[in-house]
Amino acid sequence: MRKTLYIIGLSVFVFSCTSQQNAKKKQYIPRTPVVQPKTAVKTPGSEKPKPQITTEHGVEFFTTNISDLTKNDNSVSYGSIVSAKPVGYKVVKTYFPAIAQNFRQRYLILHYTALPDDKSITVLTQQGVSAHYLVNNTGDNEIYQLVDENKRAYHAGVSSWRSDKNLNDNSIGIEIVNAGFTADAEGKRTFMAFDDAQVKKVAALVKDIATRYNIPATNILAHSDIAPTRKQDPGPLFPWKKLYDEYQIGMWYDEAMKQNFYDFETSTDFQIKYNDPAFISNVQTQLQKFGYGLDMSGKWDDATKTTIEAFQYHFRPQNYDGIMDAETFSILQALLQKYPVK
Ligand SMILES: [Zn+2]
């Protein structure tokens, strides 16, 4: 009897403990309570609009922009929000958005795959190289995304533009399905044309990405621009001028500016100064200033020739012989005038 009472008593004790624990669980209080930052609504600048957030499929996105584009290229708009979720604490996203921020996506690099559609997909998804997007050539309305825009894709390799290096870190890569080129016995390259419908896809994609990240015209480049001694893509048949004229994408020179430089360059015998080391150094300085990674040798060395060829692929595609003729030099100067390095 005594034993029975003892067991009943023990059960009540155990039960009451458990129920207390249950009650505690129901009213969960974090060990360190989150204190509402009351001062937040009174801080200077709090009158500014706060970023609005929307949630789609469990992922949060900023839908408003707090940036001042005249002061900085920062922005909090459009991007998905990746936040910490520390146990017991609340991460607040809308009280203190900082003005001093910008996107990591600062360049847009265009490539061709030098492969047909199916092979392009295999290589860009199953091997050591990748791109954020792949623009096929199958005539449908699809563009394939292979890598999240917030992550690095392996498309640029050893690369540079102006003071930036290793552009995988800060670029979006777009691969365009195209057969590339064939070379004859002397090494002269014949490139393959791009399909009109495919170019329209590329234009729409570039426009969308460049607008969302506020990517400047000077940072929309060919793979051959950022790795001129290694790469030719997307080659001289990629229609940069059409993209500029019809979609306001990327850089192009003003014809009148170019003509002024051309008149000056051809007013004397261009050939006389052509092999002058001072002129070669001047060309190398200007190519470097414009953005190309090039060593100053004062000679028409292989690196300089391939860099001139890369420049011609982009801006003087009618003739890409790698020789800095009066027209190529005039275009380079016109571009530098139009897009001065800040
Ligand atoms: Zn490439």
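Which strands does helix H3 lie across, and at about what angle does H3 run to E8? I'm working from a predicted model here. I find H3 (residues 196–213) lying across E3, strand E4 (133–135), E8 and E11, at about 170° to E8.

Next I looked up the sheet. I get five strands in an open sheet, ordered E5-E4-E8-E3-E11, with mixed pairing. Strand E5 (144–145) and strand E11 (220–222) sit at the edges, each pairing on one side only. I then checked E3 (residues 107–112) against E8 (residues 171–176): the two strands are parallel, with six bridges. I noted one of the partners: Tyr112 bridges to Ile176 in E8.

Then helix packing, starting with H9 and H10. I have H9 at residues 302–315 and H10 at residues 326–338, with axes that come within 11 Å and cross at roughly 75°. Angles from 65 to 115 degrees count as roughly perpendicular, so I log H9 and H10 that way. On the H9 side I list Ile308, Phe311, Gln312 and Phe315; on the H10 side, Thr328, Ile331, Leu332 and Leu335.

I noted the H6–H10 crossing as right-handed. From H6 I list Met257, Lys258, Phe261, Tyr262, Glu265 and Thr266. Their H10 counterparts include Ala326, Phe329, Ile331 and Lys338. My class tally for H6 with H10 is seven nonpolar, four polar and four charged residues.

Terms used:
Residues numbered from 1 in each chain as written. Predicted model: local features only at pLDDT ≥ 70, side-chain atom pairs only at ≥ 80, totals over all residues. Pairing = 2+ DSSP bridges. Helix = DSSP H or I, 4+ residues; strand = E, 2+ residues; numbered from the N terminus. Contact = placed C-beta atoms within 7 Å. Axes fitted to C-alpha atoms, helices over the stretch in contact; angles between N-to-C directions. Parallel < 35°, antiparallel > 145°, perpendicular 65-115°, else oblique. Left-handed = near helix turned anticlockwise from the far one by under 90°. Nonpolar A, V, L, I, M, F, W, Y, C, P; charged D, E, K, R; others polar.
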